Amino acid sequence: MRWRGQRESDNVEDRRGVRLGRPGIALSGGGILLVVALALVTGQDPIQLLSAVSGPSVSVDAGPGGQVGAPSDDLGKFAATVLGSTEDVWARVLPGAGRQYSRPKLVLFTESVQSACGFSSAAVGPFYCPLDSKVYLDLSFFNELERRFGAPGDFAQAYVIAHEVGHHVQNLVGIAAQVDTARRRLSPQDANALSMRMELQADCLAGVWAYHANRDAKLLEPGDVEEGLTAASAIGDDRIQKRAQGYTVPESWTHGSSAMRVRWLRQGLQSGNIRDCDTFAADSP
Ligand SMILES: [Zn+2]
């Protein structure tokens, strides 16, 4: 990716190194694994489950603040640049869908973090909290992406950030609220299928961002798209489950199979139009 020298966003909140006294019940690493395993079996979002176990936060933004502004280290600068690019693209694209874009904050943290969605360990991976409109990212996830999932490369990392920003876009256009309401009326299995379509849409929106970022700022280099597709494939639920337990349970998928994730990221990348990201209308996602 040709990201160096491009605008860095100021909407980065750097909480790396901030130590947390955790509220609610303290969960050991084993406890967190148990919750994540439970989430896989029950099909619930591990983040929500973890928040439920560790108790609700006391205020809308209970986390200790970090330094706000573009970080000075390389990885922090990279994240701030990708965030800046998503800001530019969505501020231009979203009004086409009748909405104004408001910029989300990107919170960088290490080990654990307190958001309006509760206490979260880095073990749950990057996430978006709709209650405070912030994306939470432990940058060590990029190492994991490379070593554990075999998906190296800066565009693979940018895709992770853009996927979370995609959830913010879903929040702004009201899709997140609609899905939440619909989920309450559905069986756990159907609710899960709906969540999966929402995740696949976030993949597609990440592709839409990349399409425009490339057209406006020539962001992509040869091999970048492949990096992104490799990452989408590597973090498919089927791939992760097979790795963890030797078999895969489609009913418990929360993000979609490798093939689905690749399909929707590619769809966004090729079309650049959010209307082509209607994963809810597709017969089979
Ligand atoms: Zn997601």
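Begin by selecting the zinc ion: H163 (NE2), H167 (NE2) and E199 (OE) coordinate the zinc ion at 1.9 to 2.1 Å. Donors here are N, O and S atoms within 2.8 Å of the metal (3.2 Å for Na, K and Ca), and sites may look incomplete because water is not among the atoms. The model is a predicted one, in which local features need pLDDT of at least 70 and side-chain atom pairs count only at pLDDT 80 or more, while totals for chains, interfaces and linings use all residues. Residues are numbered from 1 along each chain as its sequence is written, and side-chain values use heavy atoms, with hydrogens and water left out.

Along the chain, the donors of the zinc ion have the spacing H-x3-H-x31-E. Distant parts of the chain are linked by the pair H167, in helix α5 (residues 154-173), and E199, in helix α7 (residues 188-217), which lie 32 residues apart. Helices (H or I, at least four residues) and strands (E, at least two) are DSSP runs, numbered from the N terminus. H167 and E199 are both buried; buried means under 20% relative accessible area, exposed over 50%, and partly exposed in between (1.4 Å probe, protein chains only).

**The helices around the site**

Next, display α5 and α7 together. Their axes come within 7 Å and cross at roughly 115 degrees. Axes are lines fitted to C-alpha atoms, for helices over the stretch in contact, and angles run from 0 to 180 degrees between N-to-C directions. The crossing of α5 and α7 is right-handed; a crossing is left-handed if the near helix is turned anticlockwise from the far one by less than a right angle, and right-handed if clockwise. Residues to select on the α5 side of the contact include H163, G166 and H167, and those on the α7 side include M198, E199 and A202. Contact means heavy atoms within 4.5 Å. By class, the contact of α5 with α7 has eleven nonpolar, five polar and two charged residues. In this scheme Ala, Val, Leu, Ile, Met, Phe, Trp, Tyr, Cys and Pro count as nonpolar, Asp, Glu, Lys and Arg as charged, and the others, Gly among them, as polar.

The axes of α7 and α10 are 6 Å apart, and the two helices pack at an angle of about 35 degrees. This crossing of α7 and α10 is right-handed. Among the residues that meet are L200, C204 and Y211 in α7, and W264, L265 and L269 in α10. The contact of α7 with α10 has, by class, eleven nonpolar, five polar and two charged residues.

**The disulfides**

How many disulfides does a search of the whole structure find? The search finds two, a disulfide being a pair of cysteine sulfur atoms within 2.5 Å.

The link of C204 and C277 is left-handed, with -75 degrees about the S-S bond. This pair joins distant parts of the chain, with C204 in helix α7 and C277 in the segment after α10 (258-271), 73 residues apart. Both C204 and C277 are buried.

Then move to C117 and C129, which form a disulfide with sulfur atoms 2.0 Å apart. The link of C117 and C129 is right-handed, with 90 degrees about the S-S bond. C117 lies in the loop between β4 (112-115) and β5 (118-121), and C129 in strand β6 (residues 127-129), twelve residues apart. C117 counts as buried because its relative accessibility is 18%, and C129 is buried at 0%. With the bonded cysteines numbered in sequence order, the pairing is 1-2, 3-4.

**Two further residues**

Select F109, in strand β3 (residues 105-109). F109 is buried, with a relative accessible area of 1%. Beyond its neighbours within four places in sequence, F109 contacts residues including R15, A122 and Y136. The C-alpha atoms of F109 and D138 are 5.0 Å apart, although 29 residues separate them in sequence.

Finally, select Q6, in the segment before β1 (12-15). Is Q6 buried or partly exposed? Q6 is partly exposed, with a relative accessible area of 25%. Not counting residues up to four places away in sequence, Q6 touches T81, A217 and L219.

**The whole chain**

Zoom out to view the protein chain, which has ten helices and seven strands. Buried residues make up 51% of its 285 residues.
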